[in-house]
Amino acid sequence: MSIASIMVSLDLGPTAAARVRLAAGLASRFGGTLTGVAARKVPNPGPGEDLETLQAAYKREQAKLSMDLFQCRNLFEQSCGVDIRPNWRQAEADPTGFLVRQALAADIVVVGRETDNIVGGMIPSPGAVLMEVGRPVLVTPPGSDRLKAERIVVAWKDAPEARRAISAALPFLRGAKRVYVVSAGEEAATSGAEEVSEFLALHGAHAEARLLNATMQDVAAEILRFTAQEDADLVVMGGYGHSRLREWLFGGVTRDVLQSSRMCCLLSH
């Protein structure tokens, strides 16, 4: 696959500008467009108010939302640089649902690692986006404003999510100086890491397999230790987990890597 269209989530938090710069750098590298997306719902009015009071409160909230979206667009335009073709989309809507709908026209979606919604209610849930979007999701750690992707770790287990993640990451993997297909845990020796590295070599990647000793409880820590040891800046992995009442709960390794990693993570569900 190629990366012709990148979509990045915007909010008013302190890490948003860095996230846009990172996404813009990728758009410039791959010759793609960059679309900024921001949304927030207007809060429901409190009970017990008369109609006139409710209408006035709603207008005030709409005005505040318009200002927030205006500030997000300014931040996007100031941070994305001049070497790319920018687009902008905004709405009065749930930020997760709006981003998912817009991503039908994206090859990759860039979101922050933050999961709280204290910054004006504009932060989409990374897990819910991953579960629903049907596109690879690049989760960036706070403050990260560049992704070289010269040394990449593929956290491999033989599952559909990991296979899709590798396919989505091929543009990064082909351009990397070194790719490590890493399998850890009791099933590492039979996971097919060697075959995956040979497959990636057919696509022009400088790939090699590495098997790591780890208990089930230590898989994420061992992967992160190896990633730091090899000075990698991108982890590619399947997004594992389960949903309950539309609330996304990451599986253990996915959750632990995302929470602890200082590197970007490219995931596919």
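# Working notes on the sheet and its helices

User: Is T33 buried or exposed?
Analyst: T33 is buried, because its relative accessible area is 16%, and buried means under 20%. Please note that the model is predicted.

User: Where is the place of T33?
Analyst: T33 belongs to strand 2, which covers residues 33-39.

User: And what is T33 in contact with?
Analyst: Setting aside its neighbours within four places in sequence, T33 is in contact with A4, S5, I6, A27, R85 and N87.

User: Which order do the strands of the open sheet have?
Analyst: The open sheet has 10 strands in the order 3-2-1-4-5-12-9-6-7-8, and the pairing is mixed.

User: Which strands stand at the edges?
Analyst: Those are strand 3 (85-91) and strand 8. Each has a single partner strand, so one side of each is left without a neighbour in the sheet.

User: How are neighbouring strands of this sheet turned against each other?
Analyst: On average, neighbouring strands are turned by 25° against each other, with direction ignored.

User: Strand 9 next. Which of its residues are buried?
Analyst: Strand 9 (residues 234-238) is mostly covered, with five of its five residues buried. Both of its faces are covered: L234, V236 and G238 are buried on one side, and V235 and M237 on the other.

User: In which sense does strand 9 pair with strand 6?
Analyst: Strand 6 (residues 151-155) pairs with strand 9 in the parallel sense, over four bridges. Within that pair, V154 stands opposite V236.

User: And how many bridges are there with strand 12?
Analyst: There are five bridges between strand 9 and strand 12 (residues 264-268), again in the parallel sense. Here V235 stands opposite C265.

User: Switching to helices. At what angle do helix 1 and helix 2 pack?
Analyst: Helix 1 (residues 16-30) and helix 2 (residues 51-79) pack at an angle of about 45°, and their axes are 9 Å apart. That makes helix 1 oblique to helix 2. The crossing of helix 1 past helix 2 is right-handed.

User: Which residues meet there?
Analyst: From helix 1, A16, A17, V20 and R21 meet L75, F76 and S79 of helix 2. The residues of this contact divide into five nonpolar, one polar and one charged.

User: Which strands does helix 2 lie across?
Analyst: Helix 2 lies across strand 1 (5-9), strand 2 and strand 3, and it runs at about 165° to strand 3.

User: And helix 6, which strands does that one lie across?
Analyst: Helix 6 (residues 193-202) lies across strand 7 and strand 8, running at about 165° to strand 8.

User: Which residues are buried in helix 7?
Analyst: In helix 7 (residues 219-229), the residues V219, A220, E222, I223, L224, F226 and T227 are buried.

User: What covers them?
Analyst: The cover of the buried residues of helix 7 includes strand 6, strand 7 (178-184), strand 8 (207-212), strand 9 and helix 8 (252-260).

User: Why remark on the phi?
Analyst: Most residues other than glycine have a negative phi. D231 has a positive value in a residue other than glycine, and A149 likewise has a positive phi, near 55°.

User: Is D231 buried or exposed?
Analyst: D231 is exposed, with a relative accessible area of 62%.

User: And A149, buried or exposed?
Analyst: A149 is buried, with a relative accessible area of 2%. The place of A149 is in the loop between strand 5 and strand 6.

User: Last one: where does P43 lie?
Analyst: P43 lies in the loop between strand 2 and helix 2. P43 counts as partly exposed because its relative accessibility is 43%.

User: How many Å apart are P43 and S183?
Analyst: From C-alpha to C-alpha, P43 and S183 are 46 Å apart in space, and they are 140 residues apart in sequence.

Notes:
Residues numbered from 1 in each chain as written. Predicted model: local features only at pLDDT ≥ 70, side-chain atom pairs only at ≥ 80, totals over all residues. Heavy atoms only, no water. Axes fitted to C-alpha atoms, helices over the stretch in contact; angles between N-to-C directions. Helix = DSSP H or I, 4+ residues; strand = E, 2+ residues; numbered from the N terminus. Parallel < 35°, antiparallel > 145°, perpendicular 65-115°, else oblique. Left-handed = near helix turned anticlockwise from the far one by under 90°. Contact = heavy atoms within 4.5 Å. Nonpolar A, V, L, I, M, F, W, Y, C, P; charged D, E, K, R; others polar. Buried < 20%, exposed > 50% of the residue type's maximum accessible area, 1.4 Å probe, protein only. Pairing = 2+ DSSP bridges.
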